[in-house]
Amino acid sequence: MVFFNHNEQLENLGNEILESTFSNFPNLNRDQIALTWVVYDPPIPVNTGGALTPDAFWGHGVRGFNYRGGERIYPASVVKLFYLVSVHEWLEKGMTNTSKELERALSDMIIESSNDATSLIVDILSGTTSGPELPIGPFETWKYQRQIINRYYQSLGWEEMTNINVCQKTWGDGPFGRERAFYGEMFENRNMLTTNATARLLHSIVGGVAVSSGRSQQMMSLLKRSLNPDELPQDVEEDQVIGFLGGGLPQNSQIWSKAGWTSSVRHDAAYIELPEQRPYLLVVFTEGKAQAKSREILPFVSGKIAEAVSNL
């Protein structure tokens, strides 16, 4: 069971948008894209400043559409969303303490998508550090510690989380030493997410029920992106807007998002508010070297979804 209700109207619209995407991007194979789209009909249960209790929020049905939403895909930096929530859970439970460095790392991990910041966050969450390879006994302990983030997500009891893997750092050049050993010979232990799992986590954040309402608000403030070209970061390879879902929206929209990209994937997960329309959540993952390079596919899909929402 996914957290949203399947809906014929969204099913038809979603399939039309996908067909239009495949015909506009003939190099995009049908198994190189996954998508989850959730629409918030009035009374709107999200971005309320945490006005709903968790029970009221989860009891409020939402409708959605997914295409390959349960497929495991390497998430690149989208995984940082999962580490963001974990840090707030640890802080809430007193499993770690806040500090200037932790706050700086959280901010850089989400706003700039810094891998170095993420490395510190994973160390703090797991009580481990990177370094040379370890003897078998200590390495077993180290690996168990690193799996703590997975154990947290399994403990939530959400079906969408059953086949995800969130225990690896994000790299520029790739892992070395004990980190390389932890990836497995064929990289079989690398991070894996689905668009449905990502959508459910983002849904809980915008619903104000991820960890606590105050902490959800703090997460939202880090995820907020400006669509004003003058305010986008300069001199960066990717700004998480142009070439991503924000790139397909009218400038007067609002977006809270976390993108991810490598040489072989390009993804984005976003909560979007268009003026005078129903808010919605959209997660799109694309795979393949050509797709990863394309700055057109995600904005195209995003623009089509925005159009569909204004006709709902």
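How many residues lie between β6 and β7 in their hairpin? Six, and E276 in that turn has a positive phi of about 65°. The model is predicted.

Start with strand β6, residues 265-273. Nine of its nine residues are buried, so the strand is largely enclosed by the rest of the structure. Both faces are covered. V265, H267, A269, Y271 and E273 are buried on one side. R266, D268, A270 and I272 are buried on the other.

Now look at the neighbours of β6. Strand β5, residues 254-261, runs antiparallel to β6 and is joined to it by eight bridges. A hairpin of three residues connects β5 to β6. Strand β7, residues 280-287, is also antiparallel to β6, again with eight bridges. A270 is a handy reference point. S257 stands opposite A270, and in β7 the bridge partner of A270 is L282.

Turn next to the charged side chains. The count comes to 14 salt bridges. One of them pairs E92 with R215 at 2.6 Å, N to O. E92 lies in helix α3 and R215 in helix α10, so the pair ties together parts that are 123 residues apart in sequence. E92 counts as partly exposed at 42% relative accessibility, whereas R215 counts as buried at 16%.

The E140–K143 salt bridge has its closest N and O atoms 3.1 Å apart. Both residues lie in helix α6, three residues apart, about one turn of the helix.

E238 and R295 form a salt bridge at 3.3 Å between the closest N and O atoms. This pair links distant parts of the chain, 57 residues apart, with each residue in a loop. E238 is buried at 10%; R295 is partly exposed at 35%. Elsewhere, salt bridges that share partners join D123, R146, K169 and E179 into one network.

Note on methods
Residues are numbered from 1 along each chain as its sequence is written. This is a predicted model: local features need pLDDT of at least 70, side-chain atom pairs count only at pLDDT 80 or more; totals for chains, interfaces and linings use all residues. Side-chain values use heavy atoms; hydrogens and water are left out. Buried means under 20% relative accessible area, exposed over 50%, partly exposed in between (1.4 Å probe, protein chains only). Helices (H or I, at least four residues) and strands (E, at least two) are DSSP runs, numbered from the N terminus. Two strands pair if DSSP finds at least two bridges between them. A salt bridge is a side-chain nitrogen of Lys or Arg within 4 Å of a carboxyl oxygen of Asp or Glu.
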